[in-house]
Amino acid sequence: MAAATTLDIPASYYRDTVAVVLEACPPLEGDQRADVCVIGGGVTGCSAALHLAERGYSVHLLEAREVGFGASGRSGGQILPGLGTDIATVEHALGRERARAIWDMSREAVRLTAGLVERHAIPCDLAWGFLHAAVKPRHVRELQAFQERMARDYDYTDMAWLEGPALRERVVTDAYPGALYEGEGGHLHPLNYTLGLARAAQRAGVTIHENSRVLSIQRGQKAKIETDGGSVTADFVVVAGNAYLGGLVPELEGRMMRAANYMVATSPLSEAQVASVLPRNDALADANFVLDYYRLSADRRLIYGGEVSYDGREPRGLRQRMDTKIARLFPVLEGVPIDYRWGGDVAITLNRAPDFGRIGHNLYYAQGYSGHGMALAGLAGQLMSDAIADQSERFDLFAAMPHRRFPGGNRLRTPLLVLATTFYKLRDRL
Ligand SMILES: Cc1cc2nc3c(=O)[nH]c(=O)nc-3n(C[C@H](O)[C@H](O)[C@H](O)COP(=O)(O)OP(=O)(O)OC[C@H]3O[C@@H](n4cnc5c(N)ncnc54)[C@H](O)[C@@H]3O)c2cc1C
């Protein structure tokens, strides 16, 4: 019998529209044994667990709170090719050939997402179409150069530059001088997607324990992963705690910064309002460094994200600012109530490329997607599963990306990031 877990996720539109019920996920008790212990029940951890179980490994997944508690259950739900960083950063670090392989895998990540949704019949409202919108003339030049370069060097041609009436057919506002349309991008209900992966993992034989925060990992030929209720002894460990990991793995501290990002969901829009906002149901992100992004939900709410905070506290006047932004973009939505607002933590690396790696011979991790992990996290899970099964070539390609620690240690890291982001916010205004 399926038993519903109590979703201990901060109030959000996603939480109120959960459509996937997991088998019971009781807290870990006693001393257990598994081939692999996965730490973290977001997309990274659930995908790793699912792919490992499909390869025949016995897997225990330990989640500190509830599956989807982290970024995966709170995200904007946009699934996009590419990385959180510019492809030029990858080329600079690894050369054109490896950058090309990584770009191709980022596209594969989107296809993998769609494949998982289909194969496991995950009810997550997957829809296609994405607009990368210029806010100022500098963005127009940058996006057009990007389109040209990706077609020339990466055979990525599924993009169209839109402006004027062609753009207004997709987003009905005068705010953008132009936008790059990508047919390969799309959006979904991120919490239902994450829960759907977890349910598929359970069906493949994974044991999931919620309310089971890992407190320590004793390293060794076999690792012992401990919670306050029990332990799992495993040949391999997959660390998928991302922004929520804390100091569990000292080697990972300082390799990413945690920043909160905020979202609101309006009341459901009328058909007429939808036609005056996003008539083709695309997702959109603007080209600012501190970007705004939005899409429609299946029940026609505008799900709008933006605004950052580094101290975990909601920025003052958040709701008012979101209201103003929405009304400025779409005057037709002025006065439409905001029914929900919530926040979640994003893990940002210094170069904004994802950070994959192996510590010792048996601990794997993937983190720091820098706000671009909805599709990549699924691929990361699959690549960690491949690597554990001795097929590490593709995982190693990502792991080759060099990462520096944030300067300043624990005390100075946050102020430095705030300074850097303030600089980019100012730049966004130019
Ligand atoms: C508001 C917001 C909007 C976003 N929008 C987008 C978007 O539109 N498109 C996009 O591509 N990306 C977006 N992202 C980023 C994307 O959601 C993440 O990159 C992705 O979900 C990361 O998945 P994950 O599984 O690695 O981490 P998470 O989903 O954060 O999962 C980590 C899990 O590990 C658990 N955990 C941590 N430590 C422990 C421990 N010690 N023991 C046990 N469990 C532990 C946590 O409780 C958590 O559930 C957004 C993020 C946020 C916060």
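**A walk around the ligand**

Let's begin at one residue, T44, which is buried because 35 other C-beta atoms lie within 10 Å, and 20 or more are enough to count as buried. Please keep in mind that this is a predicted model. T44 sits in helix α2. Leaving aside residues up to four places away in sequence, T44 touches A240, N242, A366, A377, A380 and G381.

Why start there? The UniProt record, an unreviewed entry, places the feature "binding site" at T44, E63 and A64. A64 is found in the loop between β2 (59–62) and β3 (78–79). A64 also counts as buried, because it has 22 C-beta neighbours inside 10 Å. With residues up to four places away in sequence again set aside, A64 touches S212 and R213.

Now let's step back to the ligand itself. It is surrounded by 43 residues, and the closest are G40, G42, G70, G76 and G373. The elements that contribute two or more residues to this shell are α2 (43–54), β11 (257–266) and β15 (338–348). Sorted by class, the shell holds 19 nonpolar, 19 polar and five charged residues.

How values were computed. Residues are numbered from 1 along each chain as its sequence is written. This is a predicted model: local features need pLDDT of at least 70, side-chain atom pairs count only at pLDDT 80 or more; totals for chains, interfaces and linings use all residues. A residue is near a molecule or strand if its C-beta atom, placed from the backbone, lies within 6 Å of it. Helices (H or I, at least four residues) and strands (E, at least two) are DSSP runs, numbered from the N terminus. Ala, Val, Leu, Ile, Met, Phe, Trp, Tyr, Cys and Pro count as nonpolar, Asp, Glu, Lys and Arg as charged, and the others, Gly among them, as polar. UniProt positions are given in the numbering used here, feature names are shortened, and annotations may be inferred rather than shown by experiment. A residue is buried if 20 or more other C-beta atoms lie within 10 Å of its own, exposed if 12 or fewer, and partly exposed in between; C-beta atoms are placed from the backbone. Two residues are in contact if their C-beta atoms, placed from the backbone, lie within 7 Å.
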